[in-house]
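Here is a short tour of the packing inside one protein chain. Have the viewer open as you read along.

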Amino acid sequence: MENLNELYEAILAGKLAPAVEITKKAVAEGLSPNVIINDYMVKAMEEIGRRFEEGKVFVPNLLISARAMRGALDILKPLLKGDPTVYLGKIAIGTVKGDLHDIGKNLVASMFEGCGFEVINLGVDVDSDKFVQSIQENNVDIVCMSALLTTTMNYMKEVIAAIESAGFRDKVKIMVGGAPVNDTFAKVIGADAYTSNANAAVAKAKELIDSK
């Protein structure tokens, strides 16, 4: 059987090609995708997130680890359909209307995916209708909004109002983040949580899923 500790190390080091190759071999040898994801890939992403919080690695390290993880995950996705034990929950994430920043949002999305969530990445410049539509069509557990501008962060309140008007507010948790956003702002607009970085977002999302 393929030594999957090498997969853990490849993702931790952000080595895309080895991560993909090891995953392909593990699948060919019949190892469960669930085991590959939960015991090795998720643990590697959790470790890189921990190191980031401790200041031992930086955003580029997180990005290349997330890239390696996604490459390996792409091999496994076709094998996961219909398996409810793989994903912790479903998250729709997007940068709000008027804001075209996506690096931070994509990093958070990658960390969510790497740590066991199914992610619907709505992109940038996302209006309230698109957030509501995503909830309706995908039955998501959490909506995550990002804003990098003080001029766009207030649109988050409009999205929450639209979710309430559509009758979905009791069905989803709402998380917000981005440079100008803080915990006080999150509470004022009626969000369930604010987080300042990708690793904290994963931890908070797990808490919110558990509380549903």
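Leaving aside neighbours within four places in sequence, which residues is Leu7 in contact with? They are Ala19, Ile22, Thr23, Ile36, Tyr40, Met41 and Ala72, where contact means heavy atoms within 4.5 Å.

## About the model

This is a predicted model, in which local features need pLDDT of at least 70, side-chain atom pairs count only at pLDDT 80 or more, and totals for chains, interfaces and linings use all residues. Residues are numbered from 1 along each chain as its sequence is written, and side-chain values use heavy atoms, with hydrogens and water left out.

## The nonpolar cores

A nonpolar core is a set of buried Ala, Val, Leu, Ile, Met, Phe, Trp, Tyr and Cys residues joined through side-chain atoms within 4.5 Å; buried means under 20% relative accessible area (1.4 Å probe, protein chains only). The largest one here has 44 residues, and Leu7, Ile11, Met41, Phe112 and Met175 touch the most other members. Helix 4 gives the most to this core, with eight residues. Helices (H or I, at least four residues) are DSSP runs, numbered from the N terminus.

Apart from this core lies another, of 28 residues, including Val132 and Val176.

## Ala44

Look next at helix 3 (residues 33-53), where Ala44 is found. Ala44 is buried, at a relative accessible area of 0%. Not counting residues up to four places away in sequence, Ala44 touches Tyr8, Ile11 and Leu12.

How values were computed
Helix = DSSP H or I, 4+ residues; strand = E, 2+ residues; numbered from the N terminus. Buried < 20%, exposed > 50% of the residue type's maximum accessible area, 1.4 Å probe, protein only.
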